[in-house]
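Please walk me through this structure.

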Amino acid sequence: MIELSVATPRGARLRNFLAVAGPGLVVMLADTDAGSVITAAQSGAAWGYRLLWLQAALIPVLYIVQELTVRLGLVTGQGHAQLIEKHFGRFWTWFSVLTLLVSCAGALLSELAGLAGVGALMGLSAPLTMFLVATALLAMAYTHSYLTVERIAIGVGAFELVFIVVAVLARPDPAAVAAQVVDIPFRDPKYLYLIAANIGAVIMPWMVFFQQSAVVEKGLTVESMGAARLDTLIGSILTQVIMAAILVATAATLGAAGKSGSLDTVEQIAEAITPFLGGFAGKLLFGLGLSGAALVAAIVVTVTAARTLGETLKVNCSLDHSPREAPWFYGAYTVVLIGCAATVASGANLVSLSVGVQVMNAMLLPTVLGFLYLLARRLPEPYRLRGGYAALCAAIIVLSAGFGVYSGLAGLFS
């Protein structure tokens, strides 16, 4: 019997990466949530390929923001709320946490409304869909550790890859893509509103809190910095490829049919991608993709809200604790989930809610990104944000937050 030789350095690096990977991929799959899917579909329906450039432009922005988050978690071993309290005091901690809770509640409403829409495609009522989803998410949290929940999130989030298949099957016209991607109507308030929605759909306040706490809860240290950064980079690219695929699929199908405009329900969005796929196949693929996107995001935002509140109250707030050991954490998780599920079961306009939530996220960016930058500037050497890269980060944060707020206000008050 021949024994295997000692693993090569390349094999060892791969094993190390796989051991570290997870938080970045989970948060990025959650980033392409139900609201993001709706926002990308609306962008393609209303403007064709004219917002496609934005999906590519947001990749480095997303990576830079989340890399700072990873850096803070690995170097300090503390969650985001804990660091804000340490450096800026209790007032700003609660201000930041309340901002996060608003964002999480809005996001969770959007995810659950997306799942209710998928349920409607399958002939299920909203109350029944909410009961099934809430029961499944509660059972997952109450009976599994963080690592198991991470694997579940990646597994359900993988269904989002069907959107890439849909985009390929839609066969977009290269000439139309080339012509429209450089036709940018910056003076149109409706276009600016969707720019703000797309920025808010990609850079969300809860992502910062979740990934920082996740790397801490997973027990990662500064020795894992390279692998954690790669995990974040792969996730940043993947989430924007999925967003672009949704936009392309919707623009291609509606463009080929000579149609454009607003999509007001999940059913309309599903039907918009069926001409090349057939009614059943189109609805099935869209339902799988949207369900994966909404479920992974629902897991992340609910855990983030409960965990951050626990950090602020200085009580146990980990999925590795039992409900008896962390009653505040599981109590908050349960209340937020059931409250949002009941709201969606009562009926809501999914598309208006989803796009509105993304604009709200854009309006909250100055607070979230401001604290992120200031905290990264206070890290010990050699991990402190400094020099030319600090200037680049500052410019990207100011431009992203400023343009997000400007575009949102322009769209809201036009």
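Thr-304 touches Leu-100, Cys-104, Trp-206, Phe-209 and Phe-210, leaving aside neighbours within four places in sequence. Contact here means heavy atoms within 4.5 Å. Thr-304 is found in helix 15. With a relative accessible area of 1%, Thr-304 is buried. Buried means under 20% relative accessible area, exposed means over 50%, and partly exposed is in between, with a 1.4 Å probe and protein chains only.

All of this comes from a predicted model, in which local features need pLDDT of at least 70, side-chain atom pairs count only at pLDDT 80 or more, and totals for chains, interfaces and linings use all residues. Residues are numbered from 1 along each chain as its sequence is written, and side-chain values use heavy atoms, with hydrogens and water left out. The pLDDT is the predictor's confidence in each residue, from 0 to 100. Its mean over the protein chain is 83. A value of 70 or more is reached by 88% of the residues. Residues 1-7 stay under 50. For that stretch the model has 1 contact beyond four places in sequence.

Now the whole chain. It has 18 helices and 0 strands. Helices (H or I, at least four residues) and strands (E, at least two) are DSSP runs, numbered from the N terminus. Of the 414 residues in the protein chain, 54% are buried. Take the contacts with a separation of 6 or more: residues 24 or more positions apart account for 87% of them.

Next, how helices pack. Two packed helices are described by the angle between their axes and the distance between the axes. Axes are lines fitted to C-alpha atoms, for helices over the stretch in contact, and angles run from 0 to 180 degrees between N-to-C directions.

Start with helix 6 (residues 90-121) and helix 12 (residues 205-217). Their axes come within 8 Å and cross at roughly 105°. The two helices are therefore roughly perpendicular to each other. Angles of 65 to 115 degrees count as roughly perpendicular, under 35 as roughly parallel, over 145 as roughly antiparallel, and the rest as oblique. Helix 6 makes the contact with Ser-96, Leu-100, Ser-103, Cys-104 and Ala-107. Helix 12 brings Pro-205, Trp-206 and Phe-209. Leu-100, Cys-104, Trp-206 and Phe-209 are also among the contacts of Thr-304.

Which angle do helix 2 and helix 8 make where they cross? The axes of helix 2 (residues 23-31) and helix 8 (residues 146-157) cross at roughly 45° and come within 9 Å. That makes helix 2 oblique to helix 8. On the helix 2 side, the contact is made by Pro-23, Leu-25, Val-26 and Leu-29. On the helix 8 side, Tyr-146, Glu-150, Ala-153, Ile-154 and Gly-157 take part. The crossing is left-handed. A crossing is left-handed if the near helix is turned anticlockwise from the far one by less than a right angle, and right-handed if clockwise.

Move on to Thr-239, in helix 13 (residues 225-256). Is Thr-239 buried or exposed? At 2% relative accessibility, Thr-239 counts as buried. Leaving aside neighbours within four places in sequence, Thr-239 is in contact with Met-28, Asp-31, Thr-32 and Leu-62. A polar contact of 2.3 Å joins the side chains of Thr-239 and Thr-32. Such a contact is a pair of N or O atoms within 3.5 Å; within protein, one must be able to donate a hydrogen and the other to accept it, and residues adjacent in sequence count only if both atoms are side-chain atoms. A polar atom of the Thr-239 side chain also lies 3.2 Å from the backbone oxygen of Met-28.

Val-37 touches Thr-32, Phe-163, Ile-246, Phe-286, Leu-290 and Ala-293, not counting residues up to four places away in sequence. Val-37 sits in helix 3 (residues 34-47). Its relative accessible area is 0%, so Val-37 is buried. Val-37 and Ala-201 are 164 residues apart along the chain, yet their C-alpha atoms are separated by 8.8 Å.

Finish with the loops. Arg-171 is found between helix 9 (162-169) and helix 10 (174-181). Arg-171 has a positive phi of about 50° although it is not a glycine. Arg-171 is exposed, with a relative accessible area of 70%. Lys-314 lies in the loop between helix 15 (279-313) and helix 16 (327-345). Its phi is positive too, at about 60°, and Lys-314 is not a glycine. Lys-314 is exposed, at 60% relative accessible area. Pro-382 is found in the loop between helix 17 (350-376) and helix 18 (387-413). The peptide bond from Glu-381 to Pro-382 is cis, with omega near 5°.
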